[in-house]
Amino acid sequence: MSEKNFETGAIRKQLERSQYQEHTTPLYVTSSFIFEDAEDMRASFSEEKQRNIYSRFSNPNTSEFVDKVVQMEGAEDGYAFATGMAAVFSTFAALLNSGDHIVSARSIFGSTHTLFTKYFPKWNIETSYFDIHNLAEIENLIKPSTKILYAESPTNPGVDIIDLELLGAIAKKYNLLLVIDNCFATPYIQQPIKFGADLVIHSATKLMDGQGRVLGGIVVGKSDLIKEIYLFSRNTGPALSPFNAWILSKSLETLAVRVEKHCENALKLAEFLENHSKISTVKYPFLKSHPQFKIAQKQMKLGGNIVAVEVKGGLEKGKQFLNSIKMCSLSANLGDTRTIVTHPASTTHSKLSEEEQLAAGITPGLVRISVGLEHVNDIIKDINQALNS
Ligand SMILES: *Cc1c(COP(=O)(O)O)cnc(C)c1O
């Protein structure tokens, strides 16, 4: 059985069968595991033996999920978390010391931005932000204390694309760790390790689950770094639950077909909106009009499922548009089977000042559409009627 092809690996990578010869991986709802004898226990705790001890450290269901993502991203090892934010926080907390410095893209997930600006300074960890339209300034921000270069691509919610190959080259030149949040792309579309990333983070809550059910997070990458993150996490306790890991591992079996369809629907919607009289701009990575179209083509297999539009008339029209939506959901999630429409300025990024919002590419009329798997004609119909109402 070839596990080299993405789809095959996603489906056929599976835990060893139990004595019951089940076809599908069972759920291992157990907090701990038993030992043969005192020597087995000693060797396990001293890590001479690789085995499950306690589900805060590892669990078979969690391992299956981790192994799949490791394979999909071309990584060496990984660790799974209860949420995407637990993955982001634990990665930085495990690898950084007081006095260290982060260079990050300004356009990042709202809670990650809050972590960098509000909490990390408490531990004397500072962050400098670069504008994603001016990557030349990155090198000017690097100091002797800089340890991590951090970015998301496509960005949330502006769907801008950052040249990962360029980031990889900068990280190498200055001996920094390149950490990429690959949540918007999924490993089916983009594998940052190929471009030099040391670690790749995902909120598994989004397209990995893909059905709006469970929260989860994961970091994969170089094994020495994962070891540090694992030791930190095993002691601090952000572990993914076996049940959620079981759901997520099942979800990955259909990731390729789901993402293909998400992207097909998103491209069709973006093409429709491009000529709409009530919209001033449409941003979608695989539209020729996208400012970083060429880079998107270089590093992504497909354009993703997020379409960003600027509704003519700013904040008021943006809100009116949302209020006129009939079928699509008004929700904070993304990457669900159901199309979701959000207004970042008043919701996900409302904790940022207006200045910070604009710097992160969030204009008052920006609407983010997470295109789902309904029939594309119905998605277009609903959005069109809301724009025209
Ligand atoms: C949602 C999201 C996160 C946080 O993930 P949770 O699972 O909600 O904690 C981090 N990064 C990006 C890009 C996200 O979209």
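Reply: One definition first: helices here are DSSP runs of H or I with at least four residues, strands are runs of E with at least two, and both are numbered from the N terminus. Please also keep in mind that this is a predicted model.

Me: With that in hand, how many helices and strands does the protein have?

Reply: There are 15 helices and twelve strands. The radius of gyration is 21 Å, close to the 21 Å that the globule rule gives for 389 residues, so the protein is as compact as a globular protein of that length. Along the principal axes, the C-alpha atoms fill a box of roughly 75 × 50 × 35 Å.

Me: Into which domains is the protein divided?

Reply: Domain 1 covers residues 6-252 and domain 2 covers residues 255-388, and the centres of the two, taken over C-alpha atoms, are separated by 26 Å. To the contact between them, domain 1 gives 39 residues and domain 2 gives 39 residues.

Me: How much area do domain 1 and domain 2 bury between them?

Reply: The size of an interface is often given as the accessible area lost when the parts come together. In this structure, domain 1 and domain 2 bury about 3300 Å² between them, with 61% of that area on carbon and sulfur atoms.

Me: How many salt bridges and polar contacts are found across the interface of domain 1 and domain 2?

Reply: The rule finds three salt bridges across this interface, and it also finds 18 residue pairs in polar contact, both residues of each pair being at pLDDT 80 or more. On the side of domain 1 that touches domain 2, the elements giving two or more residues are helix 1 (6-12), helix 5 (110-119), helix 7 (164-173), helix 8 (186-189) and helix 10 (242-253). The largest share of that side, four residues, comes from helix 8, while the residues of the side as a whole divide into 18 nonpolar, 14 polar and seven charged.

Me: Which residue meets K298 in a salt bridge?

Reply: The side chain of K298 meets that of D163, with 3.0 Å from N to O.

Me: Which peptide bonds are cis, and which residue has a positive phi although it is not a glycine?

Reply: Most residues other than glycine have a negative phi, and most peptide bonds are trans. Here the bond from S153 to P154 is cis, with omega near -5°, and the bond from N156 to P157 is cis as well, with omega near 0°. P154 lies in the loop between strand 4 (146-152) and helix 7, and P157 is placed in the loop between strand 4 and helix 7. As for phi, E47 has a positive value of about 65° although it is not a glycine, and E47 is found in the loop between helix 2 (38-45) and helix 3 (60-73).

Notes: Residues numbered from 1 in each chain as written. Predicted model: local features only at pLDDT ≥ 70, side-chain atom pairs only at ≥ 80, totals over all residues. Heavy atoms only, no water. Domains from an automatic or database assignment. Contact = heavy atoms within 4.5 Å. Buried area = accessible area lost by both parts, 1.4 Å probe. Salt bridge = Lys/Arg side-chain N within 4 Å of Asp/Glu carboxyl O. Polar contact = N/O pair within 3.5 Å; in protein donor to acceptor, adjacent residues only side chain to side chain. Nonpolar A, V, L, I, M, F, W, Y, C, P; charged D, E, K, R; others polar. Rg over C-alpha atoms; globule rule 2.2 N^0.38 Å.
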